[in-house]
Amino acid sequence: MAEEVLLLGWWGSPFSRRVEMALKLKGIEYKYIEEDLTNKSPSLLKYNPVHKKVPVLVHNGKPVVESLVILEYIDETWKDHPILPKDPYERAHARFWANSIAGFKACCWGEEKEREKAKEEAFEKLQFLENELKEKRFFGGENIGLVDITGNIIGYWLGVFEEASGVKLLTREKFPKLCNWADEFVSVSAIKENLPPRDKLIATLRRRFGGANASK
């Protein structure tokens, strides 16, 4: 019996796209279902009744929700091209950084006081990640791992947020290693093929949040 793998997602979501990246890296065949987040489908409400959010991975009829949970499920279910280290300590270390990145806020919109506070927190987190990279090509070493995939929000989406809002966070002067990592990350075919069109995403963000209140 052939395995059935479905992914419910939204084209512009870094959370949906990181699941697609993992599936592509592992060579897993799947069917993608695009969700209208303004008119959520019966399937989304059925498979994720608690949060009613994407992404949702449905494997042989069984739903798995939350992008980080999905990524670990994928790695445990399909063993080829592992995205988590075998060593328990290294696995714990990767989970820590993946969870840290998952809470990253771009601080590009909102009230000025809130933006400034979020900006300080974002700079601090970026500096920690800059230090963590050391001289490695990827956070996972020579190969893309869990932290890299979770870091798609910094490697690609952050630049989109910056352009849409006028706020600049990730500069080569302040974060040269992170910038080099981002360039390497988006050049990998399995990643590049699963990035949303930049112009379309910028336009969508500007329509949703506007650009007039962005800080300089």
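Q: How do the residues lining the second largest pocket divide into nonpolar, polar and charged?
A: In this predicted model, the lining splits into 10 nonpolar, 4 polar and 4 charged residues. The lining has 18 residues in total, and P85, E90, A94, F139 and G140 are the ones nearest the pocket's centre.

Q: Why is N152 called buried?
A: A residue counts as buried under 20% relative accessible area. N152 has 0%, so the word applies. N152 sits in helix α7 (residues 152–165).

Q: What makes the pairing of N152 with P14 a polar contact?
A: A polar atom of the N152 side chain lies 2.8 Å from the backbone oxygen of P14. The cut-off is 3.5 Å, so this pair is within it.

Q: How do you know that the length of α8 agrees with its number of residues?
A: Helix α8 (residues 176–187) has 12 residues, which at 1.5 Å a residue should span 16 Å; the end C-alpha atoms are 17 Å apart, so the two agree.

Q: Which residues of α8 are buried, and what puts them on the same side?
A: The buried ones are L178, C179, W181, A182 and F185. They cover an arc of only 160° around the axis, so they share one side of α8. In general, residues three or four places apart point the same way, because an α-helix has 3.6 residues a turn.

Conventions:
Residues are numbered from 1 along each chain as its sequence is written. This is a predicted model: local features need pLDDT of at least 70, side-chain atom pairs count only at pLDDT 80 or more; totals for chains, interfaces and linings use all residues. Side-chain values use heavy atoms; hydrogens and water are left out. Helices (H or I, at least four residues) and strands (E, at least two) are DSSP runs, numbered from the N terminus. The expected span of a helix is 1.5 Å times one less than its number of residues. Buried means under 20% relative accessible area, exposed over 50%, partly exposed in between (1.4 Å probe, protein chains only). The arc is that of the directions from the helix axis to the C-beta atoms. On a 1 Å grid over the protein atoms alone, a cavity is a set of points where a 1.4 Å probe fits but cannot get out, and a pocket is an open set with protein on both sides within 12 Å along at least five of seven lines; lining residues have an atom within 4 Å of a point. Ala, Val, Leu, Ile, Met, Phe, Trp, Tyr, Cys and Pro count as nonpolar, Asp, Glu, Lys and Arg as charged, and the others, Gly among them, as polar. A polar contact is a pair of N or O atoms within 3.5 Å; within protein, one must be able to donate a hydrogen and the other to accept it, and residues adjacent in sequence count only if both atoms are side-chain atoms.
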